[in-house]
Amino acid sequence: MSEKPSIEELEAKADLLRCHAIRMTTEAGSGHPSSSLSAAEVTAALYFGGYLNVDPANPTMPERDRFILSKGHACPILYAAMAERGYFPVEDLMTLRKLGSPIEGHPNLRRLPGIEASTGSLGQGLSIGVGQALGCRMDGHANRVFVVIGDGEMGEGQVWEAIATAAKYKLGNLTAIIDQNGYQQTGSTKTVLDQTPFADRIAPFGWHTQTINGNSMAEVVSALDAAVAVTDQPTMIVAETKKGAGIIPILEELGDSNLHGQPLKPEWAEKAIALLQS
Amino acid sequence: MALGELSGLPMGEATRDAFGRALEELGATYPNVVTVDGDVGNSTRTEWFANAFPERGFNVGIAESNMVSVAGGLASCGKTPVVASFAAFLLCNAFDQIRMSVAFPRLNVKLVGTHAGISIGEDGPSQMGVEDVALACSLADTVVMVTSDGASTRAATKAMLEHDGPTYLRCGRPKVPVIYDGDVPFTIGKANTVREGGDVAIVANGLMVATSLDAAALLAKEGIEARVLDMHTAKPIDEEAVAKAAEETGAIVVAEEHLAAGGLGAIVASTVVRTKPVPMAFVNLGDSYAESGDPDGLLEKYGLTAEAVAAAVRGVKG
């Protein structure tokens with residue numbers, strides 16, 4: 001990207017992606033909008049803030065940056081960013097989860113160019129990112145691998161295996177972001193399996209860590225700037241977010257601050273989009 | 001009596017050793033090959049490659065799940081990762097990672113499970129991969145190979161590196177007889193006839209190929225000429241060779257060092273049913289785990305002997 005967009009422009013982009021994620025899941029009648037919304041700032045910043053060097057016209061160029069959504073169920077926000085970035089027409093978003101569409105319920109690299117890892121079984125994305133970071137480094141590319149992980153997903157032991165491995169190989173080209181939205185399928189991560197504080201636990205492995213408000217675009221941008229400046233160790237951004245960020249009043253009205261895996265009914269989707277556009 | 005003695009086969013190298021040597025030798029020819037190990041490289045013999053090409057060998061520690069997904073990431077960057085561990089730990093510990101990080105995205109990862117079967121001996125059943133072929137064959141569009149001797153394992157190692165897509169190669173710990181003297185005809189999915197015969201066909205893989213040749217020697221004394229097929233590829237199965245064997249011999253015995261469910265026997269049986277139904281019998285580990293002990297004693301106790309294969313032939317012919 002030639003000129004770096006302003007924080008306000010990126011904030012507007014994040015809310016646009018939110019509107020897409022709500023519309024597409026409501027149209028599909030299933031999916032995970034609240035899990036998508038918490039990651040809107042991170043996803044918008046990566047795809048539109050100049051951090052992700054990708055070319056939708058050449059999605060397999062070897063020196064591209066890689067983005068892996070390890071919490072694959074939040075893929076509506078990723079699909080929204082990919083459509084806005086030009087990987088496919090925005091109107092295709094409305095084919096989410098429909099028979100024949102490559103915009104599947106979870107990311108499938110075999111069917112959708114631009115998807116860097118097939119995810120949906122939690123816990124594997126960071127390990128795949130470690131492999132890609134190793135492979136890119138062997139080839140002498142100066143690119144970077146970004147992996148977004150859910151905080152509930154941190155219950156998967158494999159993530160911790162990957163954390164140790166990334167530190168062993170000093171993968172300075174790897175940035176992981178924990179979307180700490182505080183909830184998982186059946187309740188709050190505090191009550192299901194509390195593994196916080198993440199940064200305090202991950203830093204001793206040999207990672208550069210930051211903890212930020214992941215729904216503040218200014219903080220996300222600053223954190224990504226700091227992360228990409230680190231080249232001798234992997235970097236972790238613990239993004240404290242809210243599940244359903246952007247439409248919290250709607251979740252409150254519905255009486256469910258988790259709303260895991262539930263699309264909004266059309267009338268609620270309209271209210272949510274109106275709120276985001278206000 | 002030692003394996004291969006009845007059929008006059010000289011003792012050769014362990015298939016894991018042949019795999020390790022072949023990988024080391026092929027390393028210069030295939031610059032994209034890397035190894036990812038779960039800290040058993042000195043057992044699986046990938047250590048020989050990693051020592052020869054230190055910048056291409058990664059040991060991620062005792063973490064099979066991570067190991068497999070890291071390999072998936074490397075493959076998605078154009079590398080050809082060879083991921084070796086004990087068959088039991090690779091397939092059973094990391095099965096979901098094999099499914100999601102390798103098979104489903106159809107990445108070019110080469111899985112190698114060593115120490116397969118009960119012939120590992122004293123370390124006991126926790127270390128014995130006896131379900132690995134069934135698990136590997138259940139993965140869509142994945143090649144599964146079980147080789148019988150050193151020469152064919154070397155050929156299989158080259159073939160897997162040249163194949164574009166996920167593969168699983170099963171190797172054993174003990175030394176096994178030499179089945180192939182000189183050049184080995186080796187094509188993925190094409191069985192090798194290692195003994196001609198028209199009275200019955202014994203379809204085998206791994207060390208049970210030598211056992212089956214021994215059985216054929218026993219049977220020959222009784223006037224039964226057994227054809228022995230080295231079915232080194234369990235998936236895709238050589239349907240043509242199975243159908244031909246059924247057609248020409250009228251009876252098939254399948255011998256393998258694996259549990260009954262989902263192994264070579266099940267695969268050959270479904271092929272026979274679809275092509276040319278004939279009477280069949282099966283020599284395998286049935287439906288139970290083994291125990292610690294010396295390899296020859298275990299093979300004897302759990303029924304993986306030339307006499308057991310010969311008895312199965314007599315039964316199916318009778």
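In the predicted model, buried residues account for 63% of the 318 residues of chain B. The secondary structure of this chain consists of 13 helices and 14 strands. Its radius of gyration is 18 Å, close to the 20 Å given by the globule rule for 318 residues, so chain B is as compact as a globular protein of that length. Along the principal axes, the C-alpha atoms of chain B fill a box of roughly 55 × 40 × 40 Å. When contacts in chain B between residues at least 6 apart in sequence are considered, 80% of them join residues at least 24 apart.

Chain A was described in the same terms. Of its 278 residues, 56% are buried. Chain A contains 11 helices and seven strands. The radius of gyration of chain A is 17 Å, which is close to the 19 Å that the globule rule gives for 278 residues; chain A is therefore as compact as a globular protein of that length. The box filled by the C-alpha atoms of chain A, taken along the principal axes, is roughly 50 × 45 × 35 Å. Among contacts in chain A with a separation of 6 or more, 75% are between residues 24 or more positions apart.

The contact between the two chains takes 21 residues from chain A and 23 residues from chain B. On the side of chain A that touches chain B, α5 (125-138) and α6 (157-168) of chain A each supply at least two residues. The largest share of that side, nine residues, comes from α5(A). By class, the residues of the side of chain A that touches chain B are seven nonpolar, 10 polar and four charged.

From α5(A), the contact involves A:Ser127, A:Ile128, A:Gly129, A:Val130, A:Gly131, A:Gln132, A:Leu134 and A:Gly135. From α4(B), the contact involves B:Asn66, B:Ser69, B:Val70, B:Ala71, B:Gly72, B:Gly73 and B:Leu74. The residues of this contact of α5(A) with α4(B) comprise six nonpolar, nine polar and no charged.

Within chain B, α4(B) also packs with helix α6 (residues 95-103), at an angle of about 5 degrees and with the axes 8 Å apart. This angle makes α4(B) roughly parallel to α6(B). The residues that meet are B:Ser65, B:Val68, B:Ser69 and B:Gly72 in α4(B) and B:Gln97, B:Ile98, B:Ser101 and B:Val102 in α6(B). The contact of α4(B) with α6(B) has three nonpolar, five polar and no charged residues. B:Ser69 and B:Gly72 of α4(B) take part in the contact with α5(A) and also in the contact with α6(B).

Helix α6(B) is largely enclosed by the rest of the structure, because eight of its nine residues are buried. These are B:Phe95, B:Gln97, B:Ile98, B:Arg99, B:Met100, B:Ser101, B:Val102 and B:Ala103. Elements from both chains pack against the buried residues of α6(B): α5 of chain A, together with α4, α5 (87-93), β5 (110-114) and α7 (132-137) of chain B.

Two individual residues were also examined, one in each chain. B:Met280 lies in strand β14 (residues 280-283) of chain B. B:Met280 has 19 other C-beta atoms within 10 Å and is partly exposed, since a buried residue needs 20 or more. With neighbours within four places in sequence left aside, B:Met280 is in contact with B:Ile252, B:Val254, B:Ala269, B:Val272 and B:Val316. B:Met280 and B:Val176 are 104 residues apart in sequence, and their C-alpha atoms are 27 Å apart in space.

In chain A, A:Lys271 is located in helix α11 (residues 266-277). A:Lys271 counts as partly exposed, with 17 C-beta neighbours inside 10 Å. A:Lys271 and A:Lys71 are 200 residues apart along the chain, and a distance of 27 Å separates their C-alpha atoms.

Terms used:
Residues are numbered from 1 along each chain as its sequence is written. Chains are lettered from A and ligands numbered from 1 in the order in which they are written. This is a predicted model: local features need pLDDT of at least 70, side-chain atom pairs count only at pLDDT 80 or more; totals for chains, interfaces and linings use all residues. Helices (H or I, at least four residues) and strands (E, at least two) are DSSP runs, numbered from the N terminus. The radius of gyration is taken over C-alpha atoms; the globule rule is 2.2 Å times the number of residues to the power 0.38. A residue is buried if 20 or more other C-beta atoms lie within 10 Å of its own, exposed if 12 or fewer, and partly exposed in between; C-beta atoms are placed from the backbone. Two residues are in contact if their C-beta atoms, placed from the backbone, lie within 7 Å. Ala, Val, Leu, Ile, Met, Phe, Trp, Tyr, Cys and Pro count as nonpolar, Asp, Glu, Lys and Arg as charged, and the others, Gly among them, as polar. Axes are lines fitted to C-alpha atoms, for helices over the stretch in contact, and angles run from 0 to 180 degrees between N-to-C directions. Angles under 35 degrees count as roughly parallel, over 145 as roughly antiparallel, 65 to 115 as roughly perpendicular and the rest as oblique.
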